[in-house]
Structure formats: structure tokens, C-alpha cells
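Q: I would like to go through this model step by step. Could we begin with how far it can be trusted?

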Amino acid sequence: MLFRSAVRLNEIYAKYKDDVEFMCIYIREAHSDDGWRVQDNLDQNIIYDEPTTDDERTEVAAACQIAMDLKMPYYIDGIDNGVEDKYLSLPMRLYLVGADGKIAYTGDRGPFGFNMDTWVEAIEESLGG
């Protein structure tokens, strides 16, 4: 599912990148090998322990970005999980922040609530389309 999502994210990014500032923020690993291991990760050889430093998190995030071929700018939440805590984003979530700096769209928690269609609708509405 994540790889199909990455393809769609890349399509959305390519279409709107001239009008919207995109960023993907890598947060705490949802299914670390030393935490809540899932078979899907094992099947895809995605096997990482939960990082304990910013450098370790950066290494795992870089591997993730490369494996999924994500094109949009990619940032790392600090090991203190400040972004995750403020945005309640675990395991993954889509947001749109309006030009006024206020949150204009909050998607449901992923992976099942990860609805890129409603996110795109919010983007188009914010652009006046």
C-alpha cells in the first residue's frame, strides 16, 4: 500500500508543486522491528529498530525516501517527536496548511484514513479551483 501511495503522492506533488509548498515529515517508526512488527514489513524487507538518535532516524528516513522514490522535500521529526506530538500524526496523516498559516485540512489517521482524494479536493479549493 505504501508504495502505491508514494506513486500517487509523486503525481500530486508534480501537479501542484508550483502552487503549493509540499513537505513530507518522517516521524517515529510505526512498525519498528523491536516494537510493533508487522508481516508486511518483513515480506518487503523493511526491518529497522526504532531509532534512538536524530542521526539514526535520518538514516532510516533516507532509506524510506529512496525505497519509495518520493520526490517531494523530505524532513525529519526530531527524536523528541515534536511534530508528531503537535500534529497527532502517527502512523501517517495528510495536512494542508492555508496561506494564513491555519490548518485547512486534516486527514484521518493512516493507513486506512489516508485519503489523497479528499486532500487533493482541499488543495484545489484552497487554490480557488
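Q: Where in the chain is confidence lowest, and where is it highest?
A: This is a predicted model, and its confidence is given as pLDDT, the predictor's confidence in each residue, from 0 to 100. Confidence is lowest in helix α2 (residues 39-43), with a mean of 65, and highest in α5, at 95.

Q: And what does the chain average?
A: The average pLDDT of the chain is 85, and 82% of the residues score at least 70.

Q: What ground rules apply to the numbers?
A: Residues are numbered from 1 along each chain as its sequence is written, and side-chain values use heavy atoms, with hydrogens and water left out. Because the model is predicted, local features need pLDDT of at least 70 and side-chain atom pairs count only at pLDDT 80 or more, while totals for chains, interfaces and linings use all residues.

Q: How many helices and strands are there?
A: The chain has five helices and four strands. These are DSSP runs numbered from the N terminus: helices are H or I with at least four residues, and strands are E with at least two. Along the sequence, their pattern is α-β-α-α-β-α-β-β-α.

Q: Which strands form a hairpin?
A: Strands β3 and β4 do, with five residues between them. Residues 95-97 make up β3 and residues 103-106 make up β4, and the two pair in the antiparallel sense over three bridges; strands count as paired if DSSP finds at least two bridges between them. Leu96 has Tyr105 in β4 as its bridge partner. In the turn, Gly101 has a positive phi of about 85 degrees.

Q: What about Asn81, buried or exposed?
A: Asn81 counts as buried, because its relative accessibility is 14%. Its place is the loop between β2 (74-76) and α4 (82-87). Leaving out residues up to four places away in sequence, Asn81 touches Arg28 and Arg57, where contact means heavy atoms within 4.5 Å.

Q: Changing topic, which residues have the most contacts inside the largest nonpolar core?
A: They are Leu9, Ile12, Phe22, Trp119 and Ile123, in a core of 24 residues. A nonpolar core is a set of buried Ala, Val, Leu, Ile, Met, Phe, Trp, Tyr and Cys residues joined through side-chain atoms within 4.5 Å. The elements giving two or more residues to this core are α1 (2-16), α3 (54-68) and α5 (116-126).

Q: What does Trp119 touch?
A: Setting aside residues up to four places away in sequence, Trp119 touches Leu9, Ile12, Phe22, Leu94, Tyr95, Leu96 and Tyr105. Trp119 is found in helix α5 and counts as buried because its relative accessibility is 6%. Trp119 and Leu94 are 25 residues apart in sequence, and their C-alpha atoms are 7.0 Å apart in space.

Q: And what does Leu9 touch?
A: With residues up to four places away in sequence again not counted, Leu9 touches Leu70, Met72, Leu94, Phe114, Met116 and Trp119.

Q: Is Ser5 buried or exposed?
A: Ser5 counts as buried, since its relative accessibility is 8%. Ser5 is found in helix α1 and is in contact with Phe114 and Met116, leaving aside its neighbours within four places in sequence.

Q: How many disulfides does the whole structure have?
A: A search finds zero, a disulfide being a pair of cysteine sulfur atoms within 2.5 Å. Cys24 is in no disulfide, as its nearest cysteine sulfur, that of Cys64, is 7.2 Å away. Cys64 counts as partly exposed, because its relative accessibility is 23%.

Key
Buried < 20%, exposed > 50% of the residue type's maximum accessible area, 1.4 Å probe, protein only.
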